[in-house]
Structures are given as structure tokens and as C-alpha cells.
Amino acid sequence: MQTDPNWANFLYDPSAKKLGLIDFGASREYTKEFMDGWYRLLMSAVKGDRETMKDESQKLGYLTGEENEVSLLSHSR
């Protein structure tokens, strides 16, 4: 996964209609289990499913379960 989502790291070739990535110094490998969880988190965000977002964020370690309502609201905007 390319972990530096800087627009300068993406190249678009309009004639081939292809997107290219550069700067792989900020890339790393993840397990299938992590990526599956990350995908579930992403899809729950797309669907607006806040409960699944919270659950998947805790499973991935993005949230600890100790956050208060104020901190959760500030991250959901």
C-alpha cells in the first residue's frame, strides 16, 4: 500500500487512461487480514454505517474503545 497520499505521487496518463504511483519510499506491506478490515472500514464509511466504522476502527487499533463522545464526533466530520 502506498502510504503517502500526496497528489504529487500520482501520475495520470490520459492517452492510456491509467493511473501511476511513484515514491514507494512511503509504501509498506500489510497482511490480508488487516487489509480486509481496512476495506470493511472504508465501505462502512461510504455507506455511512457509523456503528461498523467504530467497530472496525477498534479492531484495527485506530480507536481504543476509551474515546469519549466528543472525541468521536470530532473525528467523524
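Which side chain does Asp36 meet in a salt bridge? The partner is Lys32, and the two come together at 2.9 Å, N to O. A salt bridge here is a side-chain nitrogen of Lys or Arg within 4 Å of a carboxyl oxygen of Asp or Glu.

Before going further, a word on what you are looking at. This is a predicted model, in which local features need pLDDT of at least 70 and side-chain atom pairs count only at pLDDT 80 or more, while totals for chains, interfaces and linings use all residues. Residues are numbered from 1 along each chain as its sequence is written, and side-chain values use heavy atoms, with hydrogens and water left out.

Now step back to the overall layout. The protein has three helices and two strands, and from the N terminus on the order is β-β-α-α-α. These elements are DSSP runs numbered from the N terminus: helices are H or I with at least four residues, and strands are E with at least two.

Of the protein's 77 residues, 13% count as buried. Buried means under 20% relative accessible area, exposed means over 50%, and partly exposed lies in between (1.4 Å probe, protein chains only). The accessible surface comes to about 6,300 Å², and carbon and sulfur atoms hold 56% of that surface; such areas come from the Shrake-Rupley method with a 1.4 Å probe, and for residues only the protein chains shown count as cover.

Let us return to the salt bridges, of which the structure holds four. Asp36 and Lys32 sit four residues apart in helix H1 (residues 32-47), so about one helical turn separates them. Lys32 is exposed at 59% relative accessibility, whereas Asp36 is partly exposed at 31%.

Helix H2 has a pair of its own. There the side chains of Glu51 and Lys54 meet at 3.7 Å, N to O, in a salt bridge. They are three residues apart in helix H2, so again about one helical turn lies between them. Glu51 is partly exposed, with a relative accessible area of 47%, and Lys54 is partly exposed as well, at 31%.

Glu56 is buried, at 5% relative accessible area, while Arg40 is partly exposed at 42%.
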